[in-house]
Amino acid sequence: MTITLVFLAVIMATVIGWLLRQSLNTQPWVSDSVADSFSGASLDTNSKTVGLTTFLAVATSLFALFVSAYTIRMRVADWSPLAEPDLLWVNSAFLVLASVVYHWTRNRAVAGRTASLKPGLMVAGALSIMFLVGQLVAWQQLLAAGQYASSNAANAFFYLLTGVHGLHMLGGLYVWARSAVRAWTGADADAVRLSIELCTVYWHFLLLVWVVLFGLLLAT
Amino acid sequence: MAYVAIADRDHEQHLHDPQTFIEKYIWSQDHKVIAIQYGVTAIFVGVIAMILSVMMRLQLGFPDSFSLINPENYYQFVTMHGMIMVIYLLTALFLGGFGNYLIPLMCGSRDMVFPFMNMLSYWVYLLSVIILLVSLFVPGGATGAGWTLYPPQAISDGTPGESLGIVLMLASLGVFIIAFTMGGLNYVTTVLQARCRGMTLMRMPLSVWGIFVATILGLLAFPALLVSAIMMLLDKLAHTSFFMPAMISAGEQLEHTGGSPILFQHLFWFFGHPEVYIVALPAFGIVSDVLATHARKNIFGYRMMVWAILAIGGLSFIVWAHHMYVSGMNPYFGFFFATTTLIIAVPTALKVYNWVLTLWQGNIHLRVPMLFAIGFIFTFIHGGLTGIFLGNVVIDLPLSDTYFVVAHFHMVMGVSPVLVVFAAIYHWYPKMTGRMFNETLGKWHFWMTLLGTYSIYLPMHYLGFQGVPRRYFAMGNTDFLPESAQALNASITISAIFVALTQLIFFYNMITSLRNGKKADSNPWGATTLEWQTPDTPPKHGNWGHDLPEVHRWAYDYSVPGQEQDFVPQNVPASEVPVGRDHGVHH
Ligand code: HEM
Ligand SMILES: [Cu+2]
């Protein structure tokens with residue numbers, strides 16, 4: 001649970017620290033023209049970005065808890081480490097590339113280059129799908145080698161962590177598909193910019209989570 | 001802070017005006033309709049949970065007089081009652097119901113920032129409720145594992161509903177969490193980004209603060225429940241061994257090895273304790289506003305109240321193992337959690353003092369919502385004090401799994417939040433429906449409920465000291481108990497039936513007043529917060545007509561010295577306050 005606690009402590013400290021800074025030194029009962037002209041938005045950005053950031057905090061909490069559960073269960077004597085298929089390295093490369101290409105597409109969208117959207121989205125999506133397919137193939141290889149989820153807790157965690165990560169990727173692909181449809185039906189860079197920017201953040205997040213999970217799986 | 005014109009921000013939300021009946025009341029994206037859908041659904045399942053509790057009480061008060069209730073059923077009733085009350089009633093009602101209704105109105109917004117997702121949140125919640133209720137009727141029945149669902153027994157032979165019931169329960173929880181997350185992202189984002197001009201964080205009413213921080217807790221804590229639900233489902237369906245240790249059942253070695261039931265307990269309570277505050281913080285906030293309004297006084301120590309909410313929210317993540325003192329943990333570990341538990345009592349006690357001090361020399365109007373709010377102060381102090389007992393390891397060990405615990409948690413997180421629910425429904429009923437309720441019936445409802453619940457739960461403390469065990473269908477080998485314990489149990493049951501029937505008064509009042517109630521003014525209590533300043537009552541889609549309100553003061557300008565009226569609404573600028581008012585007066 002230490003890992004989760006550290007994560008949550010960081011998140012809570014950020015939230016509470018920020019909220020306290022907003023509230024220290026104020027005297028809400030005094031009428032105050034500075035407060036009167038406050039715009040009503042606490043953060044200098046749009047709602048969708050705030051929504052996504054909040055969601056990333058939720059997802060972080062989820063993965064931190066899985067990692068905590070992993071490290072606790074690992075200490076029981078019956079744990080026998082799983083030899084991860086080498087294919088995971090290839091999959092990781094797909095994911096890194098997907099993230100890079102998404103970032104490139106984002107830069108083009110910000111620069112207003114509508115022409116780059118379609119190829120950018122197409123390649124980023126294809127790489128992400130290859131990542132998912134690769135993960136499924138890795139599952140197949142393990143199953144073929146007789147490594148079932150029920151054989152050992154290490155195996156079970158492998159399927160669980162990769163599965164949950166993959167589901168998050170599927171959710172991302174849903175949003176990706178929506179931007180793609182808009183790009184193909186003639187939306188220009190400005191119109192899809194925000195959704196591409198947010199997807200880029202999400203892809204980087206999924207990459208980061210994958211690096212942590214993969215590292216954990218390899219190290220134990 | 002960068003200045004964003006209101007007009008610009010409005011473009012972010014596409015409010016389309018619903019035309020058809022279905023768009024208006026069924027697939028509605030209006031936060032007020034969604035709030036009422038959440039509220040009605042939650043209260044509906046709450047009534048089922050209450051009926052289940054009466055069934056349990058019948059067995060406990062008059063053992064074996066009702067052939068309908070056998071030990072299996074009893075476990076199923078305990079489990080479903082507990083789970084429904086905590087999650088599907090209180091969490092859904094405070095956040096999905098009041099959160100939805102109050103956040104946009106109190107913050108001066110037109111709606112939630114993601115109305116479509118908000119609508120989806122309700123329908124997914126309804127799905128989780130349906131899955132839950134279906135589990136009552138599948139072969140083997142609902143799970144009887146206790147609301148804590150501890151493995152290994154939750155998914156092992158001998159526990160009712162260990163085949164389909166538990167699977168549906170876990171699935172329903174998973175679906176509920178998805179619904180909650182969709183709603184929660186909305187509440188947080190709306191509070192942060194969609195307030196009206198002039199509504200700084202420190203001008204927000206405490207109701208919004210309570211709901212806001214509770215939502216953050218929920219967003220961070222529910223994943224722990226999700227993780228445990230997924231892993232237990234896999235143990236059940238895919239025969240993994242996350243939680244399931246090696247076991248011999250009916251002489252046969254089961255396929256599980258090495259799983260850790262304690263791991264489940266950690267995950268469950270990592271969610272479970274914050275859950276207490278997910279329910280309590282909105283109640284704290286709402287009660288603060290109700291007290292200030294009906295005492296015609298500003299809330300005592302507003303800033304302290306906000307900081308206490310934040311402190312409680314933060315601390316609630318490091319006390320969870322006080323639910324696990326009897327799990328055989330390291331004594332130093334227990335010492336740590338006992339300490340944090342007692343520390344969290346400090347900000348909580350501060351809040352209680354501030355409520356009482358708000359009443360001090362107030363101009364108290366004992367209207368129905370106020371009665372319930374004051375009732376809450378009593379029951380909450382009561383439950384809080386027994387919590388300090390149980391927070392200490394040496395006292396908890398003998399009392400754990402006795403009726404003392406049942407009495408404690410019912411006072412603190414059963415009765416207290418429910419009293420606030422009633423306070424809130426009565427307080428905002430005129431705004432939600434445009435009608436007044438019947439005051440006399442409301443008062444009868446209050447007194448019968450308060451005295452009735454005390455006569456249920458006060459004696460339970462005593463039974464707990466005597467050693468009456470919790471979650472028992474029948475007393476079993478408990479010769480050490482005096483005969484009188486049974487007499488007390490019978491009287492508790494009679495009180496429980498009395499309280500349950502009393503709620504009929506409430507429903508009768510709420511339903512008949514919809515039609516026959518006196519038409520309500522837009523601001524019958526003379527309250528300062530924005531929801532009472534809407535152009536229409538009940539507010540229309542979009543809440544504010546053409547122009548959004550602008551806020552010029554905090555939410556507690558009650559009885560400001562030197563002014564004609566005893567309240568100044570938040571949207572009244574200093575220049576429009578009738579009598580010359582010097583800035584910065586000390587209220
Ligand atoms: C009419 C009012 C209520 C009555 C008469 C009542 C009665 C009971 C009874 C008889 C039990 C079983 C105790 C046992 O056998 O150990 C119980 C358990 C429980 N109740 Fe209530 N209750 C009421 C309201 C509530 C409310 C509003 C909540 C909301 C938090 C709540 C939460 C629980 C929980 C969490 C359990 C534990 C379930 C378990 O042990 O798994 N109850 N209640
Ligand atoms: Cu607790």
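Which element gives the largest share of the shell around ligand 1? The answer is H4(B), with seven residues. This is a predicted model, in which local features need pLDDT of at least 70, side-chain atom pairs count only at pLDDT 80 or more, and totals for chains, interfaces and linings use all residues. Residues are numbered from 1 along each chain as its sequence is written, and side-chain values use heavy atoms, with hydrogens and water left out.

**The iron atom**
- The protein donors of the iron atom of ligand 1 are His81(B) and His410(B), each through NE2, at 2.0 Å; donors are N, O and S atoms within 2.8 Å of the metal (3.2 Å for Na, K and Ca).
- His81(B) lies in helix H4 (residues 71–107) and His410(B) in helix H13 (residues 403–433) of chain B, so the pair ties together parts 329 residues apart in sequence; helices are DSSP runs of H or I with at least four residues.

**Burial of the two histidines**
- His81(B) counts as buried because its relative accessibility is 12%; buried means under 20% relative accessible area, with a 1.4 Å probe and protein chains only.
- His410(B) is buried too, with a relative accessible area of 17%.

**The shell around ligand 1**
- Ligand 1 is surrounded by 23 residues, counted when one of their heavy atoms lies within 4 Å of it.
- Among the closest are Tyr74(B), Trp147(B) and Arg471(B).
- A polar side-chain atom of Tyr457(B) is 3.4 Å from a nitrogen atom of ligand 1.
- Helix H3 (31–61), H4 and H13 of chain B are the elements that give two or more residues to this shell.

Technical notes. Chains are lettered from A and ligands numbered from 1 in the order in which they are written. Buried means under 20% relative accessible area, exposed over 50%, partly exposed in between (1.4 Å probe, protein chains only). A polar contact is a pair of N or O atoms within 3.5 Å; within protein, one must be able to donate a hydrogen and the other to accept it, and residues adjacent in sequence count only if both atoms are side-chain atoms.
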